[in-house]
Amino acid sequence: NGVQGQADIVSRLSALPPLNPSSPFAIDTLDAQPSNAQGGLLIFVTGRLQVEGESNPLRFSQTFQLIPQGPGSYFVQNDIFRLNYG
């Protein structure tokens with residue numbers, strides 16, 4: 001089920017079960033490429049997320065864009081995170 005708006009997104013993420021502290025996630029793939037003339041980066045990640053009480057990890061994908069904000073500093077312009085059920 002999708003959610004929209006800052007308050008609904010925070011509420012949905014806060015309701016997720018806690019991470020397994022011994023091995024909360026594993027990254028399977030990571031791809032990055034330049035995203036603009038100012039030195040931004042577009043990053044795509046896939047992996048597995050283990051939540052407490054679940055025997056099988058949940059698969060996830062995440063895409064985010066980093067924009068330079070001064071020497072050696074970036075901020076996240078956009079971020080899309082999806083749990084891939086099924």
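1. A salt bridge is taken here as a side-chain nitrogen of Lys or Arg within 4 Å of a carboxyl oxygen of Asp or Glu. By that criterion, the side chains of Asp28 and Arg48 form a salt bridge, with an N to O distance of 2.7 Å. Asp28 belongs to strand β1 and Arg48 to strand β2, so this pair ties together parts that lie 20 residues apart in sequence. Please bear in mind that the model is a predicted one, and that side-chain atom pairs were counted only at pLDDT 80 or more.

2. How many salt bridges does a search of the whole structure find? The search gives 2, and beside the pair already described there is a salt bridge between Arg59 and Asp28, whose closest N and O atoms are 3.5 Å apart. This pair links distant parts of the chain, since Arg59 sits in strand β3 and Asp28 in strand β1, 31 residues apart.

3. Turning to the overall arrangement, the protein contains 1 helix and 4 strands, which follow one another from the N terminus in the order α-β-β-β-β. The 4 strands form an open sheet in the order β1-β2-β3-β4, with antiparallel pairing. Strands β1 and β4 (74-84) stand at the edges with a single partner strand each, so one side of each is left without a neighbour in the sheet. On average, and with direction ignored, neighbouring strands of this sheet are turned by 15° against each other.

4. At one end of the strand order, β1 pairs with β2 (residues 41-49) in the antiparallel sense over 9 bridges, and Ala32 stands opposite Ile43 in β2. These two strands form a hairpin with 6 residues between them, in whose turn Gly39 has a positive phi of about 95°.

5. A second hairpin is formed by β3 and β4, with 5 residues between the strands and a positive phi of about 110° at Gly70 in the turn. Strand β3 (residues 58-68) is joined to β4 by 10 bridges, and the two run antiparallel.

6. On the surface, Ile9, Leu13 and Leu16 form a nonpolar patch with about 250 Å² of accessible area together. Leu16 is placed in the loop between α1 (6-14) and β1 (25-34), and its relative accessibility of 36% makes Leu16 count as partly exposed.

7. Some totals complete the picture. Buried residues make up 19% of the 86 residues in the protein, and the accessible surface comes to about 6500 Å², of which 54% belongs to carbon and sulfur atoms. Among contacts between residues at least 6 apart in sequence, 29% join residues at least 24 apart. These totals use all residues, whereas local features need a pLDDT of at least 70.

Notes. Residues are numbered from 1 along each chain as its sequence is written. Side-chain values use heavy atoms; hydrogens and water are left out. Patches are made of residues with over 30% relative accessible area and no salt bridge: like charges are joined within 9 Å, nonpolar side chains (Val, Leu, Ile, Met, Phe, Trp, Tyr) within 5 Å. Accessible areas come from the Shrake-Rupley method with a 1.4 Å probe; for residues, only the protein chains shown count as cover. Buried means under 20% relative accessible area, exposed over 50%, partly exposed in between (1.4 Å probe, protein chains only). Two strands pair if DSSP finds at least two bridges between them. Axes are lines fitted to C-alpha atoms, for helices over the stretch in contact, and angles run from 0 to 180 degrees between N-to-C directions. Contact means heavy atoms within 4.5 Å.
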